[in-house]
Amino acid sequence: MCRPTTWLLGGLFGLMWVIPVLMTPTTLAQCKSLKTLETKLTDRRRNFKHNFPINYTIKVHYEEIFKLCNISRLRVRVVDLEEGDLQDVWLLVNQEVLKRILRVLPERHPSYKYTSDLEDLFRKIQQVFPPQSDEREPPERIEEIYNRVKEPNSKGWRFVTPKSLLDNCYRTMHCLFKNCFPSEDGEQDCECTSLPYYISCLLLPLTSYLYPNLSMLAISQEHKPTQLVWHVVSIVSLQCL
């Protein structure tokens, strides 16, 4: 009687270890690819800062500047958002970013091969990503990001250094794939509450949001410039929530 009981207890303890692994949203293959990417990104400073002119920038969509702040904002604002939605956005955005960097680099540039290798790594990561369910549509805001990233005539262009784009990739990767990058305290800080975050919010491309209403605001507040200023400030504040 003792031996079967021992086997049963051993089996139960084994299941306690196996079940969490099976239920983990990121697979072992995915984590292996992401860790390879993490190692590769440690050279981004040398390749994207030292090999480029000072303050050299490339043109990208606003949505391609995917920071921890954007993750926090989407989690607060988007209903029915799943972690897989954010991971898919991360994958798409960084694939597009690498394409834009490669377009401006001649093949003889010292960082061309490094960037091309990163692009190949992202293709491998995409292959091990869990497939999207046909029974569920992504939230509308996520669909908008997909469409705007693919839009060639977007009005929300920004000029950003290649290194800062890869810095964003590195930080958001650790936030969105916690199972692959466990921290010492068991948690990654994905919140963006620092002063630079609010400063960056002030630099958002508000033209599409603000300009259609600005002329009407100016007319209605023609003799009240202070109130007009507060209208503008309130719009900016909403963007930073």
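Cys31 and Cys180 form a disulfide, with 2.0 Å between their sulfur atoms (the cut-off is a pair of cysteine sulfur atoms within 2.5 Å). Keep in mind that this is a predicted model: local features need pLDDT of at least 70, side-chain atom pairs count only at pLDDT 80 or more, and totals for chains, interfaces and linings use all residues. Residues are numbered from 1 along each chain as its sequence is written, and side-chain values use heavy atoms, leaving out hydrogens and water.

**Disulfide**
- A search of the whole structure turns up one disulfide.
- The S-S torsion of Cys31 and Cys180 is about -75 degrees, so the disulfide is left-handed.
- Cys31 sits in helix 2 (residues 28–41) and Cys180 in the loop between helix 8 (162–176) and helix 9 (195–202), so the pair ties together parts 149 residues apart in sequence. Helices here are DSSP runs (H or I, at least four residues), numbered from the N terminus.
- Both Cys31 and Cys180 are buried (under 20% relative accessible area, 1.4 Å probe, protein chains only; exposed is over 50%, partly exposed in between).

**Aromatic rings**
- The count comes to six aromatic pairs (Phe, Tyr and Trp rings, the six-membered one for Trp, with centres within 6.5 Å; planes under 30 degrees apart are stacked, over 60 edge-to-face, the rest tilted).
- Phe48 and Tyr114 pair edge-to-face, 5.7 Å centre to centre with 65 degrees between the planes.
- Phe48, Phe52, Tyr56 and Tyr114 make up one aromatic cluster.

Key. Helix = DSSP H or I, 4+ residues; strand = E, 2+ residues; numbered from the N terminus.
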